[in-house]
Amino acid sequence: MATAPGWFEAGALVAVLTTQPLDRTLDYRAPEGGCFAGAFVEVPLGPRKVLGVVWGAGEGGYDLAKVRSVIRVLDVAPMRDEMRAFLMRAADYTLTPLPAMLRLATRVPGMGDAPSMRKVYARGVGDPDRMTDARARVMDVLDEQDGAVFTQKELADLAGVGVGVVKGLVAQGVVEERETPRDLPFSRLDPELPGVDLTGDQAAAADALADAVRAGVYGTTMLRGVTGSGKTEVYLEAVAACLRKGRQALVLLPEIALTAEFLTRVQERFGAMPAEWHSGVTMTERRRAWRMVGQGGAQLIVGARSALFLPYRDLGLIVVDEEHDTSYKQEDGVLYSARDMAVLRASIVGAQVVLASATPSLETWANVDAGKYRALTLTSRYGPAVMPDMRAIDMRSEDLPGSRWVSPTLQRAVEARLERGEQSLLFLNRRGYAPVTICRACGNQIGCDHCDARMVEHRFLKRLVCHQCGETKPVPETCPACEVDGKLAAVGPGVERMGEEAALLFPDARVEVLSSDMYSSARALKARIAAIADGDADIIIGTQLVAKGHNFPKLTLVGVIDADLGLQGSDLRAAERTFQLMRQVAGRAGRAEKPGVALLQTFQPEHPVIRAILAGDEDRFWSAEAAERRAAGVPPYGRMAGIVLSAPDVQAVFDLGGDMARRDGPLRRIGAQVYGPAPAPIARIRGRHRVRLLVKADKTAPLQVALAEWLRQFRWKGDIRISVDIDPQSF
Ligand code: ADP
Ligand code: ZN
């Protein structure tokens, strides 16, 4: 499927790639008026109309009389060659069919409709017959909200008056009602506004990044520095350099709860709000962002990993903040790593990538080592704040009753903070009340009906929840297995249960449990986090949500309830994740003037990972971890792919998996090995049985090409689904 640039006259044969699951392009005739290569079009497919992109010249070689015509060309800029190249390379890299890749790039409702109009209200020229208080308030709001878009109702609400007041003013021409296209460009950001005075370290890093951005070529830089060292200030300077050059910048954040704080910083630095792109953005705003990104009406985009698939007009910089974060790996549908895709996209358009983190991923370290990425390091926290003092609490010598998790040592530390009016964070990476509900009569653990997973009790929701498929059910009185009443017991702690324990231990403290499922919207959660950071709680109990990015200036103690949690299981990345998470959580303490302490409750203080965390010795941790992975030949020192087959019928997936393992010629030819089939880490999800094959190859082997050839040998009959995961998170 080669791309051919250029223009197609009406009636010319064009090849259209649709978002339908077909393995090739389809030929159509260019519509009346012709079309460009890259045009977004609507085409007939059987009885339906589907979305597609003109991919190049038609291929012909069949009855030309039967070729149908493109129905219409959508009212959006054609897809650029660069974007088409990106989608094709991304499809090859992830072994994803191209139509599925195209779907990622076109998931915008009404993207091609002509921009509809909406009303804007502004000060008009008319004189009011008389000026009441209510009317004056409306005028004040109009002055404050310069250039903003309202409905009459919104305007009235903002002014705290009835709609009648607004209507009266409109009738007299005091308030003018105008129509403008709904898709307004975003406000201009001004890169010339002054930033903070950077320290020597920061300025050196900022200059290096700005120079790279000015050069307008591809390059990737790891920007490493402890939380609070000023990484954000530094990469905002790279953004400024990019905006000055007239190119667009993209900042990816791992968590939408973090965007509010970041948007405020952008506004302070550049005088206006950037465009946002994530699941919390309304459909109308999404459509506006998509179109404006393509037209150049958005200079800076702040968003989630899917923002990598926007149709940028001229992308010059991609920042991946907290680049080590596991949420950058898409684990549903098209399996891709936002970090890899950022590098791929940037290399195609000649953009710079900044990978910022206090605890970079081993992948990134390895690329720095190999000379592929550049490294910039900020060595100290900005201002007086220092990394907290980290200590282990050896749980083997703590006197603790059953069903209690706060050790006496940790309790005393929290009490000391309460006396001084400082905040404490109790960190536990487990949502809900208790991870297990067990019957004390028969030992049955309540599991999900559709998955190979335990149901987690959520008292806040008053239900049992499956964290795999989201299925919920009421907490039963009677054990579903033995039918004995009143014997079901919650086992183990979740954050909700920690909230109960904290309320008991610290009756006078304001305790706040912060977990994503307790808030109806990202906005509500953001607002609450901001209030807490301002001092609206004494003890915060939270999941990894609070480990990420947010500043809590009054926080001086972090208690990690179960530092061993991430070290269990067979996951080879467990050590890396635990190390990163613990360092991040600890980084929450002592961000302002007050020094912080992090206390890690552990049953294995001699574990190498725990020791590396306590010593704060990153280099030692990474070299030990790298040596282990190198010896095992696993990523980033070897290449891996996970192939998951799933179907309602367990035999069918094992049969196909066995067949695949036997017919491994194309893989053997590149020296790769196949392991499995074995039950996948979660052997059943939503009623589908899952088996996994792992393919392991040398770093330099052409893994994707061999995988594609291998997979082509098989047909997926019936209800079998396959997904290919390059560099899986766990293996
Ligand atoms: P990081 O991204 O590494 O966590 P930030 O850039 O968020 O660090 O910096 C932490 C805090 O210190 C922020 O409030 C930031 O505005 C402030 N800060 C960092 N460097 C400076 C500086 N040179 N001058 C003034 N404030 C700074
Ligand atoms: Zn389930």
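Reply: Happy to! Helices (H or I, at least four residues) and strands (E, at least two) are DSSP runs, numbered from the N terminus. This is a predicted model, where local features need pLDDT of at least 70, side-chain atom pairs count only at pLDDT 80 or more, and totals for chains, interfaces and linings use all residues. Residues are numbered from 1 along each chain as its sequence is written, while chains are lettered from A and ligands numbered from 1 in the order in which they are written.

Over residues 212-378, the chain is 38% helix and 22% strand, with end C-alpha atoms 18 Å apart. The protein chain has a mean pLDDT (the predictor's confidence in each residue, from 0 to 100) of 87, and 93% of its residues reach 70 or more.

Call a residue buried if 20 or more other C-beta atoms, placed from the backbone, lie within 10 Å of its own, and exposed if 12 or fewer do. In α12, L410, A413, V414 and R417 are buried. Seen down the helix axis, the directions to their C-beta atoms fall within an arc of 95°, so these residues line one face. That buried set packs (C-beta atoms within 7 Å) against strands β17, β18, β25, β26 and β27. On the other side of α12, P408, R412 and E419 are exposed. After the helix comes G421, with a positive phi near 70°.

Definitions and conventions:
Two residues are in contact if their C-beta atoms, placed from the backbone, lie within 7 Å.
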